[in-house]
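I opened my notebook today to look through a structure and write down what I found.

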Amino acid sequence: SLARLRNQVEPVDPPVLARLITTWQGVVRPRPGLESLLDAIENLQGAPLPASLLETEILPARIEGYDPADLDALTGAGEVVWCGIERLGERDGRLALFLADHLARLRRPPAGDELSPREHAIVEHLRGHGASFFSPVHEAAGGGYPGETVDALWNLVWKGHATNDTFHAVRAFVSPPERRSRRPAPGRTFRSRRLTPPSAEGRWSLLDARIHAAASPTEAAMALARQLLSRYGIVARDVASAEGIAGGFSGVYGVLKAMEDAGRIRRGYFVGGVGATQFAIPAALDLLRSLREMPEDPEVVVVAATDPANPYGCLLPWPAAGEAGRGPTRTVGATSILVNGSLAAYISRGTRQLLVWLPEDEPARTLTARALAGTLAKLARAQDGRYALLIDEINGMPSESHPLAPHLVEAGFSPSAMGFQMRRQA
């Protein structure tokens, strides 16, 4: 019976898997509302996500009209818990979101790093007094310069010990210091009398206090396997390295094999060019079959390079960079543009250099180039200003020499001495 089920699906091309993952994670058709935000967080549970991109790219890619106040409402209500995983530079780090009831089974154990005296004092205070604001935490840590207590709190965050009941502190931590505007903000405003630094606002607590009963190793492995299947639909060996799973793929292989023996999932060779050991949910296989036929209008998806919805550099290899030199990587700040599941462009951090991959055959080449140029124009005109208005190089060559150049002009870019430039409209 298992053999017959494995032979039902012929291997599909890698772009079909990319379409499956972006559709499965709700990136192709974002939905509005708190319920959609909870669904997105449930899908992303435990994934290491850059804090600086969580509310600017990752959640907005899944939630139409994303509002940070919605995440605050969920964390304040105790529905969602965030947990630090590792620090990235001075003002960023990887964190994970969890539904409160799933935290005990999916949370990674702390690294076990030694604590400084100030960090140890904070842990003892939170353990004895529960969730606390910054002022009592600072006093328990010995007082002194408040910045030292703030640094100690965030060290505890990235070591996996502390969290906060709001997301305000995370936003302040990843945001560069801004100059205060001389104009008063519209509406009813006030000047805070508290001395709490912005990155220490809210109530701090220990993650261990959020867990009432620890999960056994078997329960944790089962929960992790189910979460990976829920996030990707199809799980292969390379997922383990992208997710940073302790012990690698062998840590969940036994659970996946038991689930296949029980008839809950299927194992086979569903996607060509991916490792031979692939496990899939039956519903994901049905969707995979339906996505074999490419849509009439190009399906364009813009995701962060580090987004779990981007399979390239994770489940699928990056395309060859050719003469462009350094190839794409899953770097914080980089962006991938997928057209019909194929990686069409990679925007590096800094956004003046592009890596572009166009199909060899027509009419797919022209359709992809037009869709890509239109998407780049839309990104350049966006009001958030995250993307530069100047395209200096494409694949290591001057942008005007690349086959994409006429399509960029058609989309509204203007050639200049420094490259293609987009002028924002008032």
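**Entry 1**

I began with an open sheet of three strands, which run in the order 13-17-16 with antiparallel pairing. I then looked for its edges and found strand 13 (390-391) and strand 16 (414-416), each of which pairs on one side only. Next I followed strand 16 to its partner: strand 16 and strand 17 (residues 419-421) are antiparallel and share three bridges. Across that pair, I saw proline 415 opposite phenylalanine 420 in strand 17. A reminder to myself: strands of a sheet pair through backbone hydrogen bonds, either parallel or antiparallel.

**Entry 1: a hairpin**

How many bridges join strand 2 and strand 3? I found seven bridges between strand 2 (residues 80-87) and strand 3 (residues 93-99), and the pairing is antiparallel. Here tryptophan 82 faces leucine 97 in strand 3 as its opposite residue. I also checked the turn: the hairpin has five residues between the strands, and glycine 89 takes a positive phi near 70°.

For helix 2 (residues 14-24) and helix 11 (residues 217-232), I noted axes that come within 7 Å and cross at roughly 105°. Angles of 65 to 115 degrees count as roughly perpendicular, so helix 2 and helix 11 are roughly perpendicular to each other. On the helix 2 side I listed Leu20, Ile21 and Trp24, which meet Leu229, Ser230, Arg231 and Tyr232 in helix 11. Sorted by class, the residues of this contact between helix 2 and helix 11 are five nonpolar, one polar and one charged.

How are helix 3 and helix 11 placed relative to each other? I found that helix 3 (residues 34-44) packs with helix 11 at an angle of about 125°, with the axes 8 Å apart. Helix 3 and helix 11 are therefore oblique to each other. Glu42, Asn43 and Leu44 of helix 3 make the contact with Gln227, Ser230 and Arg231 of helix 11. I counted one nonpolar, three polar and two charged residues in the contact of helix 3 with helix 11.

The protein averages a pLDDT of 86, and 90% of the residues score at least 70. Confidence is lowest in helix 1 (residues 2-6), with a mean of 67, and highest in helix 3, at 95. Over residues 179-185 the pLDDT is below 50, and this stretch has zero contacts in the model beyond near neighbours in sequence. Where pLDDT is low, the predicted coordinates should not be read in detail.

Key
Residues numbered from 1 in each chain as written. Predicted model: local features only at pLDDT ≥ 70, side-chain atom pairs only at ≥ 80, totals over all residues. Heavy atoms only, no water. Axes fitted to C-alpha atoms, helices over the stretch in contact; angles between N-to-C directions. Helix = DSSP H or I, 4+ residues; strand = E, 2+ residues; numbered from the N terminus. Parallel < 35°, antiparallel > 145°, perpendicular 65-115°, else oblique. Contact = heavy atoms within 4.5 Å. Nonpolar A, V, L, I, M, F, W, Y, C, P; charged D, E, K, R; others polar. Pairing = 2+ DSSP bridges. pLDDT = per-residue confidence, 0-100.
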